[in-house]
Amino acid sequence: MGTDEHDPLFETKKGKGRVIYRLFSVSLFVGICLIWAYRLKHIPKEGEDGRWVWMGLLGSELWFGLYWVLTKAPRWNPVYRHTFKDRLSQRYEKNLPGVDIFVCTADPALEPPMMAINTVLSAMAYDYPTEKLSVYLSDDAGSDLTFYALLEASSFAEYWLPFCKKFKVEPRSPAAYFRSMAIPNAAANLAREFLVIKKLYEDMENQIENAAKLGRIPEEIRSKHKGFSQWDTYSSRRDHDPIVQILVDRRDQNAQDVEGFLLPTLVYLAREKRPQHPHNFKAGAMNALLRVSSKISNGKIILNVDCDMYSNNSQSLRDALCFLMDEEKGHEIAFVQFAQKFENITKNEIYSNSLRIIFEVEFHGMDGYGGPLYGGTGCFHRRDTLCGGKFNTEYKNDWSDDQNDQLIIEASKNELEERSKEVASIACEENTQWGKEMGLRYGCPVEDVITGLSIQSQGWKSVYLNPTREAFLGVAPTTLLQTLVQQKRWSEGDFQILFSRYSPAWFAYGRIGLGLQLCYCCYCFWAPNCLATLYYSIIPSLYLLKGISLFPQISSPWFIPFAYVMFAENTYSLVEFLWSGGTIYGWWNDQRMWLYKRTSSYLFAFIDTVLKLVGFSNSAFVITAKVADQDVSERYENEVMEFGTTSPMLTLLATLALLNLFCFGGVIAVTSKAGLGVCETMVLQVVLCGVLVLVNWPIYQGLFFRKDKGKLPSSVVVKSIGFALTACIFYTVL
């Protein structure tokens with residue numbers, strides 16, 4: 001049955017249960033206000049013991065309460081999207097826009113070339129007209145090994161793409177597909193071709209990995225492709241000329257797969273780098289891709305993905321176009337952000353790396369206020385908005401070719417490469433608006449978030465899509481330290497945005513809705529959470545040692561709001577986590593990581609940001625490792641927490657864990673002598689300290705009980721015991 005040409009390409013539904021949730025939130029806020037009232041009413045008088053400690057608790061509880069209000073914003077108005085791809089095909093199949101796909105990699109050691117080319121191949125195999133598809137690999141290490149891997153992938157694509165189309169393969173990353181399937185039991189021709197294509201893939205993989213082990217590209221391989229000559233002037237990953245190689249040119253009628261169909265354009269890029277010039281990390285790479293792609297394919301739509309984030313759904317490109325090409329609302333939408341999902345998440349998420357609540361709850365809430373933030377990967381953009389285009393009410397969708405497209409058609413392959421090298425040079429950005437008003441913004445560790453905020457502040461909207469079949473699957477960190485370092489970079493970058501010219505607190509005021517402002521602030525205030533959390537994790541436990549109560553007794557009416565807020569908020573948190581697809585033990589791990597991030601990652605992010613603001617330090621971009629040793633991977637799969645190295649963050653966490661253990665042991669010793677009456681006067685303090693001890697059980701295992709290589713190093717054990725004992729003795733003596 002046909003559809004009317006005015007039928008929308010997508011629909012939006014509001015979340016259910018909003019009224020009940022709002023009433024629940026109001027009751028919690030009343031409880032929080034009563035806690036504030038208790039603190040204000042019972043402040044010790046001048047000269048009384050604990051006055052300043054009490055004031056510190058009041059400050060912490062004020063912060064917790066106000067931040068809690070911020071966290072309600074993304075839960076207040078969630079919306080859910082659904083697309084109609086059949087309508088898109090009926091109306092626009094012959095007039096679909098060109099799409100340029102950017103894959104970014106930066107270190108062949110931390111991000112193996114095989115991982116990057118699997119992502120590239122999954123992008124080349126989208127269910128989309130190949131004559132309108134171009135894939136770019138940005139190699140910020142300028143590695144000839146990565147170039148060689150892409151060269152091999154371009155040959156393998158001649159077999160892989162027709163295989164995917166013929167058998168409707170999902171996912172279209174070869175590695176993921178072969179992992180998910182044994183030999184098919186279906187038709188004999190599928191089983192036969194499966195074995196052939198798998199053999200081709202394994203041969204390619206062996207060749208690339210052999211070159212990686214050798215540490216260089218063999219001379220017989222280098223001599224077969226002129227592209228390797230561009231490494232003749234290569235000095236280092238931080239000092240080299242721009243390298244642009246068009247490996248597959250779809251304008252060439254010989255660029256066909258084995259079935260005779262055109263292949264998508266495939267381009268390798270290593271932008272120019274010099275030691276004396278800042279290269280602006282991923283933002284610089286993305287901006288170089290924007291300029292280079294405008295000279296080669298100039299697609300109207302841009303998808304960017306990290307090298308570990310392969311396409312898991314060949315239809316997701318069409319899903320995005322349903323929003324961008326919608327006749328009624330499409331002209332308002334700058335980008336479509338898909339949920340970020342990870343293929344290596346364990347059942348109970350030991351490091352809470354699925355970011356479940358963010359992508360299952362909070363981004364839907366942001367979407368209800370005008371759109372989610374730009375997450376840096378799995379995002380479809382309009383080219384003109386990324387290049388600085390401002391929204392106006394007269395803006396209309398225009399998917400027709402422009403003058404630049406005609407210049408591309410008329411140019412030779414060599415001419416396109418030379419033009420592209422010019423715009424991949426450092427000089428191309430000097431005295432321009434790149435990194436300021438054009439492209440991704442510079443000067444912030446989370447260049448994606450600040451770029452999305454600036455685009456939304458110009459009047460554009462964004463949308464969020466979280467389809468049943470994940471659009472993209474990536475790799476999450478597999479050790480505690482990797483997770484904490486990643487969280488430090490994110491929280492530091494978000495905190496820096498608060499003090500930047502794009503701050504959601506003042507720059508965005510009046511430019512985006514109040515609800516969206518609050519949602520952004522929810523992330524921008526991640527880092528300052530460390531202060532109140534550290535105070536609450538240390539002071540009440542230390543005061544147990546002297547038997548000084550900092551909370552109302554169980555017989556006091558003031559006990560009720562404390563008990564209600566603690567019970568209700570944690571119960572809601574558990575229900576929300578389970579509703580989002582998690583497990584009970586996964587929720588417990590999430591609570592542990594909530595504590596660990598706030599008392600380590602956020603603390604160091606807060607300190608570094610303050611130092612940067614006063615001119616004492618600069619932010620550095622840290623690449624998260626995408627590979628792990630075999631024994632590390634086995635412990636991760638068995639959900640055993642991985643320490644295994646020294647770090648100030650791990651020392652701090654171990655010290656806090658031991659401090660609470662010593663304090664809890666002290667109160668147990670006192671109770672055994674003086675009776676339970678001691679605990680009854682300090683029940684909330686004892687419960688708080690006891691929960692902190694339970695949460696830190698993996699650290700105690702790593703300190704005292706484990707013998708494997710993933711345990712905490714002896715140096716961390718000695719330092720943390722010394723620091724914790726010193727704190728307890730120092731407080732007791734004072």
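## A salt bridge between two parts of the chain

Asp 708 forms a salt bridge with Arg 635, with 4.0 Å between the closest N and O atoms. Asp 708 sits in the loop between helix H25 (697–705) and helix H26 (714–733), and Arg 635 sits in helix H21 (residues 630–637), so the pair ties together parts that are 73 residues apart in sequence. A salt bridge here is a side-chain nitrogen of Lys or Arg within 4 Å of a carboxyl oxygen of Asp or Glu. Helices (H or I, at least four residues) and strands (E, at least two) are DSSP runs, numbered from the N terminus.

This is a predicted model: local features need pLDDT of at least 70, side-chain atom pairs count only at pLDDT 80 or more, and totals for chains, interfaces and linings use all residues. Residues are numbered from 1 along each chain as its sequence is written, and side-chain values use heavy atoms, with hydrogens and water left out.

Arg 635 is buried, at 12% relative accessible area. Asp 708 is partly exposed, at 26%. Buried means under 20% relative accessible area, exposed means over 50%, and partly exposed lies in between (1.4 Å probe, protein chains only). The pair also belongs to a network of salt bridges that links Asp 631, Arg 635, Glu 642, Arg 706 and Asp 708.

## Other salt bridges

Side chains of opposite charge can pair when their charged atoms come close. The whole structure holds 34 salt bridges. One of them joins Glu 343 and Arg 179, at 2.8 Å from N to O. Glu 343 lies in the loop between S10 and helix H11 (356–367), and Arg 179 lies in helix H6 (residues 174–180), so this pair links parts that are 164 residues apart in sequence. Glu 343 is partly exposed at 34%. Arg 179 is exposed at 55%.

Lys 199 and Asp 203 form a salt bridge too, with the closest N and O atoms 3.0 Å apart. Both lie in helix H7 (residues 188–214). They are four residues apart, about one turn of the helix. Lys 199 is partly exposed at 47%, and Asp 203 is partly exposed at 31%.

## Strands and sheets

Strand S7 (residues 301–306) is mostly covered, with five of its six residues buried. Two strands count as paired if DSSP finds at least two bridges between them. S7 pairs with strand S3 (residues 99–105) in the parallel sense, over six bridges. There, Phe 102 has Asn 304 of S7 as its bridge partner. S7 also pairs with strand S11 (residues 379–382), in the antiparallel sense, over four bridges. The bridge partner of Ile 302 in S11 is His 381.

Three other strands form an open sheet in the order S8-S13-S10, with mixed pairing. Strands S8 (310–311) and S10 (341–342) stand at the edges, each with a single partner strand, so one side of each has no neighbour in the sheet. S10 and strand S13 (residues 472–474) pair in the parallel sense over two bridges. Phe 342 has Gly 474 of S13 as its bridge partner.

## Cysteines

A disulfide is counted when two cysteine sulfur atoms lie within 2.5 Å. The count is zero. The sulfur of Cys 164 is 20 Å from the closest cysteine sulfur, in Cys 307, which is too far for a bond. Cys 164 is buried, at 0% relative accessibility. Cys 521 is in no disulfide either; the nearest cysteine sulfur, in Cys 524, is 5.8 Å away. Cys 521 is buried at 9%.

## Annotated regions and sites

An unreviewed UniProt entry annotates "transmembrane region" at several spans, including residues 52–70 and 557–582. UniProt positions follow the numbering used here, feature names are shortened, and annotations may be inferred rather than shown by experiment. Residues 52–70 are 100% helix and 0% strand, with end C-alpha atoms 27 Å apart. Residues 557–582 are 81% helix and 0% strand, with end C-alpha atoms 36 Å apart.

For "binding site", the unreviewed UniProt entry lists Glu 111 and Asp 140. They are spread over 30 residues of sequence but cluster in space, with a largest C-alpha distance of 11.3 Å. Glu 111 lies in the loop between S3 and helix H4 (113–124). Glu 111 is buried, at 8%.
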